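I opened the model today and kept notes on what I looked up. The entries follow in the order I made them.

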Amino acid sequence: MDAVSEVLVVGAGPTGLMLAGDLARAGVGCTVLERRTEESNLTRAFAVHARTLELLDARGLADDLVATGARVGALRLFGKLEVDLSRLPTRFPYVLVTPQYHTERVLEEHASALGAEIVRGAEVVDVRRDTDSVELDVRYEDGTLATRRAMYAIGTDGLGSTVRQCLALPFPGHSAVQSVMLADVQLSEAPEEVLTVDATGEGFSFLAPFGDGWYRVIAWDRRRQLPDDAPIELDEIRDITQRVLGTDYGMHDPRWMSRFHSDERQLPNYRVGRVFLAGDAAHVHSPAGGQGMNAGLQDAANLGWKLAAAVHGWAPDGLLDSYQTERYLIGRAVVRGSGVLLRLALAQSPATRAARWVLANVVGRFGSPPALVSRAISGLGIAYAAPRGAHRLAGRRAPDVRLATRKAGKTRLYEIVRGGNFVLLTPAGVGAAIVRRWTGRVDPATPADATLPMVLVRPDGYVAWVTNETAPASRDATLRTALTCWCGQPTDGM
Ligand SMILES: Cc1cc2nc3c(=O)[nH]c(=O)nc-3n(C[C@H](O)[C@H](O)[C@H](O)COP(=O)(O)OP(=O)(O)OC[C@H]3O[C@@H](n4cnc5c(N)ncnc54)[C@H](O)[C@@H]3O)c2cc1C
């Protein structure tokens, strides 16, 4: 048997790499097992949404990634219907269009630099669990088999998850769309927009740039519904693109083409004892809305700090289970939202076609959909349930507030969150003696806006707790209770 790890992560896709970075940042011994021997230059995701960029910012990675892509301030869905992102209250009021391999590279470099071990050519073939540990059978590139043991294991091994299958977990759902064609092509004529997309009753076509002269086209033709393994011709893609977009932009010289079908599925339980599932291993849906990778990265951000707390032995009761309660509901909303977009795009029934027409021609012509839609697509609207009686901000995303004083060169909340700890936003000195008792888990910071209430921000950037209490004795008492509830017993043991 190989060495025992604290955490084994199965799969070095975006979800696994993000998780590995967060665990390593928290000082947890973490190994990622990846069956591919090399990084892939094939890509699926192109859209990185605002909330994901904020999460990357809270790890010091957003600026690097933004430099690799193009910013798009309005997301066109179909017809004239556009979702305006340019007025979102964030440093990133746009969707970043960049191939998935850039996101993976940035995450992998970060995780490795923090000490996570990434082992390629290591395929997990079996999973066993008991009350104290998890065992994974791993087949290495040279054919040898070994068993690795860990305190916890996470399946971030994508749609066909071996971890999920080995544990015989159900993955209920259905097929959403068949015979979607993908190709990487050259264009004779560059499209005017960064993202070009439209859908009619006949089908849809979507074009996105890799940034190096190549374009990804995703197309679907209602008249050509074939199995995934049916041969594919560029002419099929050109034909539907011409019919939907009015031109095929002189598509030529494909370097890669594929046909696939897309499912809508969700795992009912993201946790089974010491095994967790995240990303596509836990939920899948069509590419409509560009949400899958974003949801996986957010799963990882939610789970990483909770798992670290459990490994370090201070996780309060229920913290690990809150990964399921929080992320299952978000996953369900993402699967449903993407399904609604897909069905509107593929509209066939008279009622859905009428709804599509109204959205494309009436809402699209006279304005953009309500802010609720841009907040949902960008992920800024994600919020977790708060206990009854909690402050109205509890569970919501903490905005990147300015700080009153530079703290080690940091001027914004998200720069402090990079430490991986809870952050207590509090007027200078207030609560300092109490917070010291949770040193290493909570960092105090003073917001520039002196009218803000005292706020405890979770390591994943969501609001844990808020108080408007100003009377010192009761404020201190409620702060102590909140810190114990969220951050475990004080580190000084008193
Ligand atoms: C056409 C298309 C377009 C898309 N566009 C977008 C978009 O614009 N925005 C967006 O957010 N999402 C998009 N998605 C979805 C997105 O690509 C996925 O949601 C994302 O890749 C999921 O990441 P993951 O890390 O969970 O899984 P994956 O990326 O699938 O990674 C899983 C990893 O696990 C490894 N693995 C599998 N089995 C084993 C094993 N037994 N042992 C060891 N390793 C294993 C695999 O080799 C792989 O590296 C799109 C998807 C498609 C199909």
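I took contact to mean heavy atoms within 4.5 Å. I worked on a predicted model, in which local features need pLDDT of at least 70, side-chain atom pairs count only at pLDDT 80 or more, and totals for chains, interfaces and linings use all residues. I numbered residues from 1 along each chain as its sequence is written, and side-chain values use heavy atoms, with hydrogens and water left out.

**Entry: Leu424**

I looked up the contacts of Leu424 first. Leaving out residues up to four places away in sequence, Leu424 touches Val435, Val442, Asp443, Pro444, Ala445, Met454, Val455, Leu456, Trp465 and Leu479. I found Leu424 in strand β22, residues 422–425. Helices (H or I, at least four residues) and strands (E, at least two) are DSSP runs, numbered from the N terminus. Leu424 counts as buried because its relative accessibility is 0%. Buried means under 20% relative accessible area, exposed over 50%, and partly exposed in between, with a 1.4 Å probe and protein chains only. I also checked Ala482: it is 58 residues from Leu424 in sequence, and the C-alpha atoms are 11 Å apart.

**Entry: Arg51**

Is Arg51 buried or exposed? It counts as buried, because its relative accessibility is 1%. I placed Arg51 in helix α2, residues 50–57. Its side chain makes a polar contact of 2.6 Å with the side chain of Glu54. For a polar contact I required a pair of N or O atoms within 3.5 Å; within protein, one must be able to donate a hydrogen and the other to accept it, and residues adjacent in sequence count only if both atoms are side-chain atoms. A polar atom of the Arg51 side chain also lies 3.3 Å from the backbone oxygen of Gly461. Beyond four places in sequence, Arg51 touches residues including Gln298, Arg397, Tyr414, Asp460 and Tyr462.

**Entry: a sheet**

I traced an open, antiparallel sheet of three strands, in the order β3-β7-β4. Its edge strands are β3 (47–48) and β4 (70–72), each pairing on one side only. Two strands pair if DSSP finds at least two bridges between them. Two bridges join β3 to β7 (residues 95–97). I noted Leu96 in β7 as the bridge partner of Val48.

**Entry: nonpolar cores**

A nonpolar core is a set of buried Ala, Val, Leu, Ile, Met, Phe, Trp, Tyr and Cys residues joined through side-chain atoms within 4.5 Å. In the largest one, of 70 residues, Val7, Leu53, Leu136 and Leu307 touch the most other members. Helix α7 (residues 292–312) gives the largest share, nine residues. I then noted a second, separate core of 33 residues, with Trp220 and Leu346 among them.
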